[in-house]
Amino acid sequence: MILTFLIKSTTVSLNNYTIKDIPGSSGRLDVISRCILAALLDKDYFDLRVNIWVFLDNYGTLVFDPQAFDYDTFPKNELRFSDCLVDLLLKKKKKEELLNNPLRSIQHSRMSIIDLIKKFQKLNYSQFILKEDGKNFFEHSVDIKEKDNVVFIIGSQEDDFLDSKALLALNIPTISIGNQSYLASSVIRLLKLHLMAF
């Protein structure tokens with residue numbers, strides 16, 4: 001099974017970024033960083049069965065494929081990861097300045113999240129929107145485990161994308177981890193735990 005996570009944020013802004021206050025100075029880049037780390041990292045190495053696409057309104061589409069990175073130099077904690085990501089986003093047109101950035105292998109895409117979802121539909125990938133009022137994931141996990149390619153679409157609390165007409169028109173089923181509210185990064189870890197455990 002290959003898991004793909006799509007996460008969209010309209011709020012990330014790095015104009016006043018400071019590592020001393022990542023949540024307050026970056027439009028909640030900390031949430032995005034935690035989600036990426038939760039998706040890519042496994043116990044002692046990358047989880048090579050998982051990738052994550054990040055759609056930032058102000059900075060474009062970023063594709064994180066663990067096979068593109070060097071595990072030894074990859075920033076594994078939120079502070080270092082966020083700082084490296086900010087450095088990359090602010091200097092993306094100056095490749096010579098990124099030679100020492102461990103995230104320099106991030107792929108950039110011009111594809112919108114809706115276009116990517118439509119592409120995955122044509123490829124017959126199984127797709128699910130993660131919402132608190134969705135169907136109970138645990139009642140469907142056995143069926144989901146049998147799929148080869150599964151895509152989970154994650155929104156943000158500040159964004160109404162999950163309720164947008166463009167997304168609703170695609171008739172993607174919604175699922176929920178349960179009645180309790182979880183951080184998006186915790187949801188990613190739970191999904192990996194239940195779907196990819198041997």
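**Figure 1. Buried residues of helix H3 in the predicted model.** In this predicted model, the buried residues of helix H3 are Phe81, Ser82, Cys84, Leu85, Val86, Leu88 and Leu89. Helix H3 itself runs over residues 78–90. At the start of H3, a side-chain oxygen of Asn77 reaches to within 3.2 Å of the backbone nitrogen of Leu79.

**Figure 2. The crossing of helices H2 and H3.** The axes of these two helices come within 9 Å and cross at roughly 110 degrees. Because angles of 65 to 115 degrees count as roughly perpendicular, H2 and H3 are roughly perpendicular to each other. On the side of H2, the contact is made by Leu29, Asp30, Ser33, Arg34, Ile36 and Leu37. On the side of H3, the residues are Glu78, Phe81, Ser82, Leu85 and Val86. Sorted by class, the contact of H2 with H3 contains six nonpolar, two polar and three charged residues.

**Figure 3. Helix H2 and its surroundings.** Helix H2 has 12 residues, and the distance from its first C-alpha to its last is 17 Å, close to the 16 Å expected at 1.5 Å a residue. Of these 12 residues, 10 are buried, so H2 is largely enclosed by the rest of the structure. The buried residues are Leu29, Asp30, Ile32, Ser33, Cys35, Ile36, Leu37, Ala38, Ala39 and Leu40. Their cover includes strands E1 (2–9), E2 and E3, together with helices H1, H3 and H7 (184–196).

**Figure 4. The packing of helix H2 with helix H7.** The axes of H2 and H7 are 8 Å apart, and the two helices pack at an angle of about 10 degrees. Since an angle under 35 degrees counts as roughly parallel, H2 is roughly parallel to H7. In H2, the residues that meet H7 are Arg34, Cys35, Ala38, Ala39 and Leu40. Their partners in H7 are Ala184, Ser185, Ile188, Arg189 and Lys192. By class, the contact of H2 with H7 has six nonpolar residues, one polar residue and three charged residues.

**Figure 5. Thr61 in strand E3.** Thr61 lies in strand E3. Its relative accessibility is 8%, and Thr61 therefore counts as buried, because buried means under 20% relative accessible area. The side chain of Thr61 reaches the backbone oxygen of Met111 at 3.0 Å. Leaving aside neighbours within four places in sequence, Thr61 is in contact with Trp53, Val54, Phe55, Gln107, His108, Ser109 and Met111.

**Figure 6. Asp47 in the loop between H2 and E2.** Asp47 is found in the loop that joins helix H2 to strand E2. With a relative accessibility of 3%, Asp47 counts as buried. Not counting residues up to four places away in sequence, Asp47 touches Ala39, Leu40, Leu41, Asp42, Pro66, Lys192 and Met196. Asp47 and Gln67 are 20 residues apart along the chain, and their C-alpha atoms are separated by 9.1 Å.

Figure 7. Most residues other than glycine have a negative phi. Arg28, in the loop between H1 and H2, has a phi near 70 degrees, which is a positive value in a residue other than glycine. Arg28 is partly exposed, with a relative accessible area of 33%. Asn124 is placed in the loop between helix H4 (113–122) and strand E5 (126–136). The phi of Asn124 is also positive, near 65 degrees. Asn124 is exposed, with a relative accessible area of 68%.

**Figure 8. Ser126 in strand E5.** Ser126 lies in strand E5. Its relative accessible area is 16%, and Ser126 is therefore buried. Beyond the residues up to four places away in sequence, Ser126 touches Lys147, Asn149, Val150 and Val151.

Methods:
Residues are numbered from 1 along each chain as its sequence is written. This is a predicted model: local features need pLDDT of at least 70, side-chain atom pairs count only at pLDDT 80 or more; totals for chains, interfaces and linings use all residues. Side-chain values use heavy atoms; hydrogens and water are left out. Helices (H or I, at least four residues) and strands (E, at least two) are DSSP runs, numbered from the N terminus. The expected span of a helix is 1.5 Å times one less than its number of residues. Buried means under 20% relative accessible area, exposed over 50%, partly exposed in between (1.4 Å probe, protein chains only). A polar contact is a pair of N or O atoms within 3.5 Å; within protein, one must be able to donate a hydrogen and the other to accept it, and residues adjacent in sequence count only if both atoms are side-chain atoms. Axes are lines fitted to C-alpha atoms, for helices over the stretch in contact, and angles run from 0 to 180 degrees between N-to-C directions. Angles under 35 degrees count as roughly parallel, over 145 as roughly antiparallel, 65 to 115 as roughly perpendicular and the rest as oblique. Contact means heavy atoms within 4.5 Å. Ala, Val, Leu, Ile, Met, Phe, Trp, Tyr, Cys and Pro count as nonpolar, Asp, Glu, Lys and Arg as charged, and the others, Gly among them, as polar.
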